[in-house]
Structures are given as structure tokens and as C-alpha cells.
Amino acid sequence: RGVINNIILLITALMFFFGGIGYFVMNDLIHHRRILGSRGLRRFRVLLSLETKMILMGFLVLSIGGAILVFSFEFFNPNILGPMSLSEKVINSIFTSMSTRTAGFNSFSMAQSHDYTNMICAFLLFIGGGPASTAGGIKITTFVLAILMIFNHIKGRDNISFFGREIPYNIGVRAMVILILSIFIIGIIVLVTLFIEYSHAEESHYFSHLIFDAISAFGTNGMS
């Protein structure tokens with residue numbers, strides 16, 4: 001706790017961001033930009049690929065949403081955020097939300113957090129970061145494409161579109177297959193873990209903790 005600790009957490013969280021968006025996105029941000037003139041005035045415009053827009057939007061929405069939920073759920077928890085100042089609570093919530101997506105570091109004990117907080121973090125662990133990044137999970141693009149495909153089918157549309165661009169249908173099908181197969185694999189892991197824990201372990205563990213650890217292992221995150 002303290003100013004130095006907050007600075008370290010913010011810098012580390014920023015590193016999580018750049019490591020989690022992927023090398024292709026970073027290359028797109030650096031090279032694919034143009035300076036356009038307008039009546040003698042020069043203005044800066046960034047022209048990004050559809051994949052980059054999808055990853056950046058998904059990453060920011062999940063990170064901010066996760067931080068808000070962690071902040072809200074653990075605000076009064078005396079073992080987690082309760083004793084911290086408001087700035088420390090905000091920074092630790094942001095750090096946790098970013099870490100669950102990429103690195104697996106934690107600034108507080110996940111064993112002392114509430115079950116619903118663990119489930120939110122497990123959800124973020126499951127999604128992970130961008131393709132070709134240091135993050136694990138099924139990847140943001142897979143999750144976003146699967147969600148877009150579901151909503152488009154609910155609306156009765158056959159085509160998938162994002163930012164006014166049409167996405168090939170077969171790519172959406174692949175995303176759905178990956179999503180369903182990943183859920184199935186995690187279900188098998190949880191069942192096997194439950195059998196081992198309740199058959200051979202000297203003491204039982206919380207079901208939410210088993211799910212959390214199984215998803216963390218699946219997403220190669222390392223948080224436990």
C-alpha cells in the first residue's frame with residue numbers, strides 16, 4: 001500500500017494492456033495512420049483494421065467492466081478492498097481486471113474474495129486477450145464474433161457485421177465452435193477435479209474455487 005505501490009500497479013497494468021492486445025494490433029497502431037489536410041489545417045486520423053477495432057473495443061469494455069464489478073463487489077470486504085483508500089481501491093480493481101486477462105498476478109488474495117467476484121474474474125480469464133499476444137483464453141475476437149453471431153441470428157440476419165463491415169459467415173461459425181468446445185472442455189476438467197477432490201482430498205474445497213482454478217489453467221493464466 002502507498003504511493004509507490006500504486007505507481008507500480010498502474011505501470012504493470014499498462015504493460016498488461018500492451019501485452020494483451022497483441023503484436024498485430026500494436027503494429028497496426030504504429031504504422032496504419034495518416035495525416036489528412038482540411039482547408040489548410042492538418043488533422044490526425046487513425047485508420048485501423050477491423051480486427052484492431054474489435055480487439056481494442058473488446059479489451060477496453062471487458063477491462064473497465066471487470067474493474068467496476070470488482071470495485072463494487074469487494075468495496076466493503078475487510079480482507080480485500082475494505083481497509084484501502086478510495087484511490088487504492090480503484091487502482092487495485094483496475095489491476096485485477098487487467099491481470100485476469102493476461103498475466104495472472106494478483107494484488108490481493110483471491111481466496112478471500114467473494115464467490116461472485118471469483119466468477120467475474122473466471123469469466124475474464126476465459127476470454128483472455130487478443131490473438132498473437134501474451135494473453136491466454138479463447139481470445140477477444142472469438143468471443144466478440146460468437147456474440148455477434150448469436151445476436152444476428154436472434155434478429156433473423158444471416159450476415160455478421162461490425163463497424164459497418166461484413167464478416168464472412170464461416171468465421172462466425174468457427175468462433176462458435178471454439179466457444180462451445182472450450183466450455184465443454186472446462187466442464188470435463190471441473191468434473192474430473194471434483195471427483196479427485198471429494199474422493200481423495202483430506203478436505204473439500206469450494207466449488208467456485210475449483211471452477212476458478214480450472215478456467216485459469218485452461219486459459220494458461222496462472223492465477224489461483
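Buried here means under 20% relative accessible area, exposed means over 50%, and partly exposed is in between (1.4 Å probe, protein chains only). This is a predicted model in which local features need pLDDT of at least 70 and side-chain atom pairs count only at pLDDT 80 or more, while totals for chains, interfaces and linings use all residues. Residues are numbered from 1 along each chain as its sequence is written, and side-chain values use heavy atoms, with hydrogens and water left out.

**View 1. The whole protein, end to end.** Of the 224 residues of the protein, 42% count as buried. Its secondary structure comes to 8 helices and 4 strands; helices (H or I, at least four residues) and strands (E, at least two) are DSSP runs, numbered from the N terminus. Read from that terminus, the order is α-α-β-β-α-α-α-α-β-β-α-α. The C-alpha trace spans about 75 × 45 × 30 Å along its principal axes. Take the contacts (heavy atoms within 4.5 Å) between residues at least 6 apart in sequence: 62% of them join residues at least 24 apart.

**View 2. Inside the largest nonpolar core.** A nonpolar core is a set of buried Ala, Val, Leu, Ile, Met, Phe, Trp, Tyr and Cys residues joined through side-chain atoms within 4.5 Å. The largest one here has 50 residues, and Ile 21, Phe 126, Phe 162, Ile 167, Phe 212 and Ile 215 have the most contacts inside it. Among the elements that each supply at least two residues of this core are α1 (3–21), α7 (169–200) and the strand β3 (160–162). Zoom in on Phe 212: leaving out residues up to four places away in sequence, its partners include Met 110, Cys 121, Leu 125 and Met 223.

View 3. The buried residues of α5 include Asn 118, Cys 121, Leu 125 and Phe 126. The expected span of a helix is 1.5 Å times one less than its number of residues, so the 13 residues of α5 should span 18 Å, and the 19 Å between its end C-alpha atoms agrees.

**View 4. Helix α4, largely enclosed.** Because 10 of its 14 residues are buried, α4 is largely enclosed by the rest of the structure. The buried set includes Glu 88 and Lys 89 as well as Ile 91, Phe 95 and Met 98. These buried residues of α4 pack against α1, α3 and α5. From first C-alpha to last, α4 reaches 20 Å, close to the 20 Å expected.

**View 5. Leu 86, an exposed residue.** Leu 86 has its place in helix α4, yet at 57% relative accessibility it counts as exposed. Not counting residues up to four places away in sequence, Leu 86 touches Phe 71 and Phe 75. Ile 188 is another matter: Leu 86 and Ile 188 lie 41 Å apart, C-alpha to C-alpha, and 102 residues apart in sequence.

**View 6. Two loop residues with positive phi.** Most residues other than glycine have a negative phi. Ala 132 has a positive phi, near 55°, and is found in the loop between α5 and α6. With a relative accessible area of 33%, Ala 132 is partly exposed. Phe 163 isn't a glycine either, and its phi is positive at about 55°. Look for Phe 163 in the loop between β3 and β4 (165–167), where its 47% relative accessibility makes it partly exposed.
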